Amino acid sequence: GAGPVGLWLALLLAQKHSYEDASGRRMIWPDAPEIVLLEGRAKEAHCTRTDIRIALSPATQHLLNSRVHSKRFCTGMPIAEIEATLLKRLKKLSPGSKPQFGRKIQDPVAFAAEGGFDCVFWASGRRSLDDGSREALGCGVRETEAARVLVFQFKDLEAGGNVNSDMATAAQIATEWKSFKVLLRPGVKGVCDGWLWLFGLPPDAVAVRNENKDSPPKSFKESLERILDLEGPSASTLLAAADIFQHRIKPTECVARWVEAAFWSSEKVVCDLGGADASVPGCPLVLVGDAACGKPFYTGTTLNGHFKDVVKLVDEVDWIHDGMPFTCQRLQAHERYYQTEIQRIEKFERRQTEKGQGAPLPQPPQAVQAQPPSQSMPKPPGSSLPPPRPDSGPRGGVSARVTPPRSPAMLKTVSLPSLGASGRVGSRPCTADAMGIPKLGTFGAVLV
């Protein structure tokens with residue numbers, strides 16, 4: 001996929017294996033991996049999605065601008081501009097990595113076997129892999145309970161139209177339905193003046209198919225009437241809310257649609273294509289972007305997280321061709337990172353095991369506790385030499401001092417310098433015992 005995530009991944013891979021020659025030109029190392037970028041859309045349809053704008057966080061803006069050596073990335077950018085900027089930088093850095101347009105891949109196993117690839121990255125979107133392929137690869141998708149949302153796209157406001165008032169409170173008062181929530185976002189010049197998302201819908205509202213597509217609706221109410229069962233029990237509530245929106249915003253054209261918003265996540269993102277076809281043994285398939293996981297649009301754009309995840313993937317793996325088979329083992333660190341993330345975010349609902357108990361998050365390795373100084377180390381079998389005594393005798397010409405045992409209270413305090421018989425900490429007096437350990441009763445201990 002040559003969307004924002006696929007282009008970002010290809011750019012980072014090329015950038016990681018490039019260098020600057022004496023003339024200042026960027027060159028690719030001879031042992032760098034060959035990058036083949038495939039896109040299902042035609043070339044004319046690429047970089048044309050100007051109707052979707054992305055709210056890039058400050059951290060993501062800094063990440064993109066610093067890696068791409070650009071100042072173009074800012075919040076509210078259309079997807080078309082993000083794709084065009086990444087593609088321009090990729091062509092300059094690695095001219096041989098141009099996307100091949102019009103290449104729609106349905107079966108990753110057959111594709112890997114035919115192309116002889118060492119690794120396949122799948123960045124083609126949430127529903128680009130069918131359920132059968134996911135089941136065979138062990139990367140099925142889990143979706144949380146979906147929330148129904150009504151999305152209105154409006155344009156051409158009349159005089160007096162205003163989008164800055166409190167729409168949610170007005171709708172709640174007019175309909176006596178206290179669950180309504182409203183989210184407004186500005187539109188795109190030449191496309192629309194804005195979008196309105198209506199949440200907290202009555203659960204018994206019934207959606208119908210829009211059969212009238214000859215002329216666009218001219219109001220919120222008219223657009224809703226085309227997709228709502230007007231005989232349903234909650235139709236009057238939703239239509240009353242639509243009247244409130246029309247009275248305040250005053251558009252002359254409006255389109256409505258139903259949206260099912262949910263969190264989704266794959267069982268895993270590093271899959272072995274050899275498990276589904278023996279002709280491609282050990283070839284990894286790595287899901288990235290929305291193909292791996294995502295969240296509802298109203299919680300914020302998922303691209304911020306996807307850009308960050310791709311950086312971690314590229315930076316932590318050794319991609320140099322060393323003659324050894326490129327297997328899933330090289331990507332296990334990324335798989336552990338992904339599992340930790342989807343368990344950390346509660347709304348992915350990945351903390352529940354089959355028995356209904358919380359699945360533990362991966363824990364860092366525990367430090368090995370040293371034996372107390374008073375215990376002697378065991379003598380190796382068949383050895384005539386006495387076992388060494390810990391913390392005694394010279395070590396490389398430097399005498400070692402036996403460290404006195406610490407009490408449990410001392411193990412929970414911040415390390416402090418040894419003090420004399422009497423001293424001061426800041427402006428407060430502090431006393432120490434004969435071994436230079438401060439007495440905890442003289443000042444507050446800081447717990448860690």
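Reply: Two strands pair if DSSP finds at least two bridges between them, and helices (H or I, at least four residues) and strands (E, at least two) are DSSP runs numbered from the N terminus. This is a predicted model, in which local features need pLDDT of at least 70 and side-chain atom pairs count only at pLDDT 80 or more, while totals for chains, interfaces and linings use all residues. Residues are numbered from 1 along each chain as its sequence is written, and side-chain values use heavy atoms, with hydrogens and water left out.

Me: Over how many bridges do strand β9 and strand β11 pair?

Reply: Strand β9 covers residues 147–157 and strand β11 covers residues 194–199. Within β11, L196 stands opposite F152. The two strands pair in the antiparallel sense, and the number of bridges is five.

Me: In what order do the strands of the open sheet of four strands stand?

Reply: The strands at its edges are β10 (181–186) and β12 (251–261), each with a single partner strand, so one side of each is left without a neighbour in the sheet. Neighbouring strands are turned by 20 degrees against each other on average, direction ignored, where axes are lines fitted to C-alpha atoms, for helices over the stretch in contact, and angles run from 0 to 180 degrees between N-to-C directions. The pairing is antiparallel, and the order is β10-β11-β9-β12.

Me: Which helix lies across β9, β10, β11 and β12?

Reply: The helix in question covers residues 235–249 and runs at about 150 degrees to β11.

Me: Which residue of β16 is the bridge partner of S265?

Reply: An open sheet of three strands has the order β8-β13-β16, with antiparallel pairing, and its edge strands are β8 (141–143) and β16 (293–294), each pairing on one side only. Strand β13 (residues 264–266) pairs with β16 over two bridges. The bridge partner of S265 is C293.

Me: Are helix α1 and helix α3 roughly parallel or roughly antiparallel to each other?

Reply: Two packed helices are described by the angle between their axes and the distance between the axes. For α1 (residues 4–16) and α3 (residues 79–93), the axes come within 9 Å and cross at roughly 25 degrees. Angles under 35 degrees count as roughly parallel, over 145 as roughly antiparallel, 65 to 115 as roughly perpendicular and the rest as oblique. The relation of α1 and α3 is therefore roughly parallel.

Me: Which residues of α3 make the contact with α1?

Reply: Contact means heavy atoms within 4.5 Å. From α1, the contact is made by P4, L7, W8, A10, L11, A14 and Q15. On the side of α3, the residues are I79, I82, E83, L86, L87, R89, L90 and L93.

Me: Is C47 buried or partly exposed?

Reply: Buried means under 20% relative accessible area, exposed over 50%, and partly exposed in between (1.4 Å probe, protein chains only). C47 has its place in the loop between β3 (38–39) and β4 (53–54), and its phi is near 60 degrees, a positive value in a residue other than glycine. With a relative accessible area of 24%, C47 is partly exposed.

Me: What is the relative accessibility of K250?

Reply: Most residues other than glycine have a negative phi, and most peptide bonds are trans. The phi of K250, however, is near 60 degrees, a positive value. K250 counts as partly exposed, and its relative accessibility is 23%.
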